[in-house]
Amino acid sequence: MVKSLELEPEDERILAGERGETRQKMLEILVALGTVFGAQRLVPVNSVQVSGASYKTIGKYGLEWLEQLDARAVVPAVLNPIGMSRERWQEMGIDRDFADKQMAVIAAYERLGIRLECTCTPYYLSPIHYGDHLAWSESSAVSYANSVIGARTNREGGPAALAAAIIGKTPCYGLHLSANRKPGMVIDVETGGGEVSIAHYGALGYYAGKIVGNRIPYFRGIRPDADRLKALGAAMAATGAVALYHVQGVTPEAKKVSADISCLETIRIDMCEIEEVFSQVAVDAVAVGCPHCSPNELKTTALLLFGKKVNIPFYVFAAQAVIEANRDTVASIEKSGARVYADTCMVVSPVMERYPAIMVNSGKALAYVPDMCGAVVRMGTLEECVAVATS
Ligand code: F3S
């Protein structure tokens, strides 16, 4: 294989097959990727998140590929959501055949040294810092890491992320380089001055992602908190290919890049324009937690559901570690009849395919649920989701 990037002596030994066939193949993936994108070196990563964990998305051939690998991760690595809750899959109505296959996928990853935390919010599990180099896969996690934390990761495909976990490095190109983190356009948002809900930030991201494409937007006129930034970035990554954005006065690199915006195309979005994504169709189920809920989002959900009963299935998705750290809140939510599931989500679980119409409070779910679940999707705020489910 022709390679353009500098390798350390140990990498040369891996590439020569002296550290086993799997490690050799994994490094070949990274070298090929680095060569295609013109990387000059590999950079060590201190966290990996691997997609391709749901049997619904990787299927039989993905499982077979994983099962023949023989190596261990050398850096902390977790998984993206899988097709079911590992503990409560029967209650979710998952059939045994799917569950057996999903468990086989999990077992294959565990054998490779990947922690069985299945979430798109790995930043709630262990601290990630400004300037850290990562190899994360899931688009909303990538957006959050780059934009909200100021860490550095490209959006890795499943095999490349797994290779990074096993080698401990990733090719240094794209968003690992400061030169590629500058804005490509400016978006002035007119909010009207009132409080903007998390769902409205999701809708803004849904709308903006279609305009931005793969440019890095620099927002002005908004003051989102971390949950709102999460919603904005997740939706922009779904309808566009946005892996990094800046918000003036809010995100950690915005000041550093502010000198680069004077000559950029500037567009204006009035929050009134995005109201059209909020529809009124009747729904059969509600699903929140895309991306997986933060502790604050769980608390708000519990408060809104307090003393009420849901009349249609109400799913809440969060990371196992977040659920465990917020047991009382989760118990309070479940008193209403709503269910809080770990490990999975409304898009990667086959469970949601049974509902013709689903209500969500997420711009990313709004973009993905129609194709991935074959359902009509209705967008609403969390308050509206609770009102619809309990009326
Ligand atoms: Fe996460 Fe699933 Fe949404 S992976 S970002 S909850 S589609």
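Tutor: A residue counts as buried under 20% relative accessible area, as exposed over 50%, and as partly exposed in between, using a 1.4 Å probe and the protein chains only. The model is predicted, with local features needing pLDDT of at least 70 and side-chain atom pairs counting only at pLDDT 80 or more, while totals for chains, interfaces and linings use all residues. Residues are numbered from 1 along each chain as its sequence is written, and side-chain values use heavy atoms, with hydrogens and water left out.

A salt bridge here is a side-chain nitrogen of Lys or Arg within 4 Å of a carboxyl oxygen of Asp or Glu, and by this rule the structure has 21 salt bridges.

Lys 25 and Glu 21 form a salt bridge in which the closest N and O atoms are 3.6 Å apart. Both residues belong to helix α2, which covers residues 21–36, and they stand 4 residues apart, about one turn of the helix; helices (H or I, at least four residues) and strands (E, at least two) are DSSP runs, numbered from the N terminus. Glu 21 is exposed, since its relative accessible area is 55%, whereas Lys 25, with 40%, is partly exposed.

Next come two pairs that share strand β5. The side chains of Asp 188 and Arg 220 meet in a salt bridge, with 2.7 Å from N to O. Because Asp 188 lies in strand β5 (residues 185–190) and Arg 220 in strand β6 (residues 217–220), this pair ties together parts that are 32 residues apart in sequence. Asp 188 is partly exposed, because its relative accessible area is 23%, and Arg 220 is also counted as partly exposed, at 27% relative accessibility.

Strand β5 takes part again through Glu 190, whose side chain meets that of Arg 268 in a salt bridge of 3.8 Å, N to O. Since Arg 268 lies in strand β8 (residues 266–270) and Glu 190 in strand β5, the pair ties together parts that are 78 residues apart in sequence. Arg 268 is exposed, as its relative accessible area is 52%, while Glu 190, with 33%, is partly exposed.

Finally, salt bridges can be joined in a group: Arg 88, Glu 91, Glu 334 and Arg 339 are linked in a network of them.
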